[in-house]
Amino acid sequence: MESGKWISEVANGYGTTLEITEHLFSKKSAFQQIDIYQTRKLGKLLMLDGIIQLTSFDEFAYHEMMAHLPFYTHPCPEKILVIGGGDGGVLRELAKHPELKELHICEIDADVIAACRQFLPETACGFDDPRVAIHIGDGSKFVREHKNEFDIIIVDSTDPGGPGEPLFGEEFYLDLKAALRPGGVIASQSESPYLLPDIVLRLNTLTNKLFKFADYAIMQVPTYPTGQIGMCIASDARDVHPQASEVPEELQKTLRYYSPLARCGSFGHPHFVSELLKKAKQ
């Protein structure tokens, strides 16, 4: 919804409004409406079907946590798959790890990648790493066809509904588990406990049912509705809370959000979230 120099995300009974100075890009792809704006205070803004995906102001918080928290859950990951993530931000963060051998991304909408490469090079630079293999297609179909291949799978999905809807069901999570190598880890965008507690409960119930170790990590991202979003993280091999290896000092200097302390804090839930997660374990 656009009015004058303001743009709003209005969904789930909640609204977020940002001041804009320019509409940089607009296209109706085969899957969704893609818009990129220049905002007055928060840099560039990417919206898909009217839903905020990122702003330059705080994208680092989401992308660092979605990449490094699962990375440091596995002791020696070599092959990682990102499902969704067409802005390239998760790839950018993963590419900071020289020990990785292969980075695969499966994004359903090639137009998102093209738009971000043109207007959001600070995130889309993740596609430039020579270890990255780009697969255009349905992420749920892709994992079904690749058994026992990946050390980590990161689901950087849009909200439920639209092209992201298949990524929120039990069949998909069963396929994720089957696509992991022994000792593998999954991490999936799992919504806000304030705004969409039903989705948080559904995904945490699935991960607790299917994996030996599972929990829900919360990160602070101011331009997302309610300022918070979470991820489910799960593994059959190890507790997901402690780091499996140290963050090199030189890498830590490049990070603005992720740290061992931030990792620990992401699992320290308010009481109402703890009560919700108890239900997921029943």
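Before looking at the sheet pairing I noted the rule, namely that two strands pair if DSSP finds at least two bridges between them. Helices (H or I, at least four residues) and strands (E, at least two) are DSSP runs, numbered from the N terminus. I kept in mind that this is a predicted model, in which local features need pLDDT of at least 70 and side-chain atom pairs count only at pLDDT 80 or more, while totals for chains, interfaces and linings use all residues. Residues are numbered from 1 along each chain as its sequence is written, and side-chain values use heavy atoms, with hydrogens and water left out.

Entry on strand 8. I looked up strand 8 (residues 102-107) and found that strand 7 (residues 79-84) runs parallel to it, joined by 5 bridges, with Leu81 standing opposite His104 of strand 8. Strand 9 (residues 132-136) also runs parallel to strand 8 and is joined to it by 5 bridges, and there Glu107 has Ile136 as its bridge partner. Strand 7, helix 2 (residues 89-94) and strand 8 form a right-handed β-α-β unit, where right-handed is said if, with the strands pointing away from the viewer, the path from the first strand over the helix to the second runs clockwise. I also checked burial (buried means under 20% relative accessible area, exposed over 50%, partly exposed in between, with a 1.4 Å probe and protein chains only), and 5 of the 6 residues of strand 8 are buried.

Entry on helix 1. I recorded that 13 of the 13 residues of helix 1 are buried, so this helix is largely enclosed by the rest of the structure. I also noted a bend of about 25° at Met65 in helix 1, the bend being the angle between axes fitted to the seven residues ending there and the seven starting there.

Entry on helix 10. Which residues of helix 10 (residues 271-281) are buried? I listed Val273, Leu276, Leu277 and Ala280. Seen down the helix axis, the buried residues of helix 10 fall within an arc of 95°, so they line one face; the arc is that of the directions from the helix axis to the C-beta atoms. On the other side of helix 10, I found His271, Lys279 and Lys281 exposed. The buried residues pack against helix 7 (197-210) and strand 12 (213-220), contact meaning heavy atoms within 4.5 Å.

Entry on Thr16. I located Thr16 in strand 3 (residues 14-28), where Thr16 is buried, with a relative accessible area of 15%. Leaving aside its neighbours within four places in sequence, Thr16 is in contact with Ile7, Ser8, Glu9, Ile52, Thr223 and Pro225.
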